[in-house]
Amino acid sequence: MKIKQDIHIHTYISACAQSNATPQFYIDNAAERGLELIGFADHMWDNGKGYSIASYERHHGNFANLIRIKEDLAKCTVPDGLRVLVGCETDFVADSTLGVSREVASQLDFVLAPNSHTHFPEVCPSPYRDDRFSCVKFSLDAFKRLLKHPDADIITAVAHPIATHYVGQEGSDIDAIATISDAEFREAFLLAADKQIGIEINAHIVMFALKAAGTDIKDIDKIKNNEYYRMFSIAKETGCKFTFGSDAHSQGAVEYFAYAQAMADALGLTDDNVILL
């Protein structure tokens, strides 16, 4: 199956993205890649209860800021055959506060909610964030708490599930992911399947995981030995459906998408395994 969607794209509106990350660039690039659907998912915290993460407050990462993208889109040229959606990537903090309200979510095409922005102390406090093994266990617990949240039904998909900020560091978090049993993964993913909340295959995270293991994206057999493959395969077995995202924050980052395709190929995914938006 050729992946036809990329619904995790950050524009310059996200404070952590580059200024060249414009909607028109991504639209043109999506057409070149043969995609049928793209979704802009800039970072946003707006639940009507104030900011729980200091970074969002510093950078005015609220709905009013995010929705400015529609002004840009009104000026963009969108080719036939490409659908463009506007959603968000919010956050979920350690006290189980979700960063988007029902009212705000109703004005968006989709909501991505990660449990795994563990570089934020508000998401993963010490001592859990101080080593990758504790961090991964905390992230798994946060994943389950997120799916049990009373407003979980507004979530389209969990972005880069379970992964931690250690995934991009030397040695990655693969050995920590390995400490999560199949049964623990199964319990967690059954929650997502039951609530029809998607699991994102994030190209950026897959890239880190495969590179840390020295795996070429063409080596399907070796991909199947990766701990992230094990995690996604259990998600598939439990009936979860998937979304796909480059997690691009710049023009060059769209090149990572090949890693998501490689994981989808290894998993043997078909269109039936993909969330329809």
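## Salt bridges, pockets and cysteines in a predicted model

The side chains of Arg145 and Asp141 form a salt bridge, with 2.9 Å from N to O; the term covers a side-chain nitrogen of Lys or Arg within 4 Å of a carboxyl oxygen of Asp or Glu. Please keep in mind that this is a predicted model, in which local features need pLDDT of at least 70 and side-chain atom pairs count only at pLDDT 80 or more, while totals for chains, interfaces and linings use all residues. Residues are numbered from 1 along each chain as its sequence is written, and side-chain values use heavy atoms, with hydrogens and water left out.

**Salt bridges**

- The count of salt bridges comes to 11.
- Arg145 and Asp141 both belong to helix α6, where they sit 4 residues apart, or about one turn of the helix; helices here are DSSP runs of H or I with at least four residues, strands are E runs of at least two, and both are numbered from the N terminus.
- Asp141 is partly exposed, at a relative accessible area of 35% (buried is under 20%, exposed is over 50%, and partly exposed is in between, with a 1.4 Å probe and protein chains only).
- Glu227 and Arg230 also meet through their side chains in a salt bridge, at 2.7 Å from N to O.
- These two residues, Glu227 and Arg230, are 3 residues apart in helix α11, so about one helical turn separates them.
- Glu227 is buried, with a relative accessible area of 17%, and Arg230 counts as buried too, at 18%.
- Arg102 pairs with Asp151 in a salt bridge whose closest N and O atoms are 3.0 Å apart.
- That pair links distant parts of the chain: Arg102 is in helix α5 (residues 102–105), Asp151 is in the loop between α6 (132–147) and β5 (157–158), and 49 residues separate them.
- Arg102 is partly exposed, with a relative accessible area of 39%, and Asp151 is partly exposed at 22%.
- A network of salt bridges links Arg102, Asp151 and Asp153.

**Pockets**

- The largest pocket has a volume of about 710 Å³. On a 1 Å grid over the protein atoms alone, a pocket is an open set of points with protein on both sides within 12 Å along at least five of seven lines, and lining residues have an atom within 4 Å of a point.
- Volumes here are the space filled by probe spheres set on the grid points, which are joined across faces, edges and corners.
- The largest pocket is lined by 32 residues, and Cys16, His43, His117, His119 and His249 are the closest to its centre.
- Helices α2 (54–58) and α9 each bring at least two residues to the lining of the largest pocket, and α9 gives the most, with 3 residues.
- By class, the lining of the largest pocket divides into 11 nonpolar, 19 polar and 2 charged residues. Ala, Val, Leu, Ile, Met, Phe, Trp, Tyr, Cys and Pro count as nonpolar, Asp, Glu, Lys and Arg as charged, and the others, Gly among them, as polar.
- The second largest pocket holds about 260 Å³ of space.
- Of the 14 residues lining the second largest pocket, Lys4, Gln5, Glu36, Val274 and Leu276 are the closest to its centre.
- The lining of the second largest pocket has 8 nonpolar, 1 polar and 5 charged residues.

**Cavity**

- There is 1 cavity of 30 Å³ or more in the structure; a cavity is a set of grid points where a 1.4 Å probe fits but cannot get out.
- The largest cavity contains about 40 Å³ of space.
- Its lining includes His160, Pro161, Glu200, Asn202, Tyr228 and Phe232.
- β6 (198–202), α9 (203–212) and α11 (227–237) each supply at least two lining residues of the largest cavity, with α11 giving the most, 3 residues.
- The lining of the largest cavity has 7 nonpolar, 2 polar and 1 charged residues.

**Cysteines**

- The count of disulfides is 0, with a disulfide being a pair of cysteine sulfur atoms within 2.5 Å.
- Cys16 is in no disulfide, and the nearest cysteine sulfur, in Cys88, lies 13 Å away.
- Seen from Cys88, the closest cysteine sulfur is that of Cys16 at 13 Å, which is too far for a bond.
- Cys16 counts as partly exposed, at 49% relative accessibility, whereas Cys88 counts as buried, at 0%.
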